[in-house]
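The questions below are meant for someone meeting this structure for the first time, and each answer works step by step towards a value or a name.

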Amino acid sequence: CTATIGAAPSRRFIYEGVDEGYCCAVTGNFTFEAILNEADSSMDFIYQTVNFPTGDTHNNVVGVQNSGTFGTNYEYANGARLSTVVTGTRLHVAIAP
């Protein structure tokens, strides 16, 4: 589900993913919102539910990346569950101009 709220130059584009699955045929799901803020070029990520697969041994990452040349990780877990991105987590990402 998507929506654009507000008027320029303070619009917010909202994407809501409900019961999104993990890649690679791994069971588990999560529900979240990604909000792009036009006024300050920031992004907000709100994780309503996070259900990790049982026995998860995949690499898990939460972060932001452009077309491939620059990115930043909030959390990376090599072959393990994420420890800080859990149900109720809210992240705010400020993008430098």
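Contact, as the word is used here, means heavy atoms within 4.5 Å. The model discussed is a predicted one.

Q: Which residues does D44 touch, not counting residues up to four places away in sequence?
A: D44 is found in strand β4, which covers residues 42–51. Not counting residues up to four places away in sequence, D44 touches E33, A34, I35, N37, L91 and H92.

Q: How far from D44 is the nearest side chain of opposite charge?
A: D44 is buried and yet has no salt bridge. A salt bridge needs a side-chain nitrogen of Lys or Arg within 4 Å of a carboxyl oxygen of Asp or Glu. The nearest side chain of opposite charge to D44 belongs to R12, and its distance is 5.8 Å.

Q: Which residues meet in the salt bridge of this structure, and what is the N to O distance?
A: Side chains of opposite charge can pair when their charged atoms come close. The structure holds 1 salt bridge. The side chains that meet in it are those of R11 and E38, with an N to O distance of 2.6 Å.

Q: How many residues apart in sequence are the parts that the pair of R11 and E38 ties together?
A: R11 is partly exposed at 36% relative accessibility, and E38 is partly exposed at 32%. R11 lies in the loop between β1 (2–5) and β2, whereas E38 lies in the loop between β3 and β4, so the pair ties together parts of the chain whose separation in sequence is 27 residues.

Q: What is the angle between the planes of the aromatic pair formed by Y15 and F32?
A: A search of the whole structure finds 3 aromatic pairs. Y15 and F32 form a tilted pair, with 5.8 Å from centre to centre and an angle between the planes of 50 degrees.

Q: Which strands does the pair of Y15 and F32 link?
A: Y15 is partly exposed, with a relative accessible area of 30%, while F32 counts as buried at 15%. The two residues are 17 residues apart, and the pair links distant parts of the chain, with Y15 in strand β2 (residues 12–21) and F32 in strand β3 (residues 29–37).

Q: Which residues form one aromatic cluster?
A: Y15 and F32, already described as a tilted pair, both belong to an aromatic cluster.

Q: Which residues are in contact with A34, leaving aside its neighbours within four places in sequence?
A: A34 is one of the residues of the largest nonpolar core. Leaving aside neighbours within four places in sequence, A34 is in contact with F13, I14, Y15, D44 and F45.

Q: How many helices and how many strands does the chain have?
A: From the N terminus on, the elements of the chain run β-β-β-β-β-β-β. The secondary structure therefore comes, with helices and strands taken as DSSP runs, to 0 helices and 7 strands.

Q: Where is the cis peptide bond that joins A8 and P9, and what is its omega?
A: P9 is found in the loop between β1 and β2. The cis peptide bond joins A8 and P9, and its omega is about 5 degrees.

Q: What is the phi of D19, and what is the phi of S41?
A: D19 is found in strand β2 and counts as exposed at 51% relative accessibility. S41 has its place in the loop between β3 and β4 and is partly exposed, with a relative accessible area of 45%. Neither value belongs to a glycine, and both are positive: phi of D19 is near 50 degrees, and phi of S41 is about 60 degrees.

How values were computed: Residues numbered from 1 in each chain as written. Predicted model: local features only at pLDDT ≥ 70, side-chain atom pairs only at ≥ 80, totals over all residues. Heavy atoms only, no water. Helix = DSSP H or I, 4+ residues; strand = E, 2+ residues; numbered from the N terminus. Buried < 20%, exposed > 50% of the residue type's maximum accessible area, 1.4 Å probe, protein only. Lys, Arg positive; Asp, Glu negative; His and termini not counted. Phe/Tyr/Trp six-rings, centres within 6.5 Å; stacked < 30°, edge-to-face > 60°. Core = buried A, V, L, I, M, F, W, Y, C linked by side-chain atoms within 4.5 Å.
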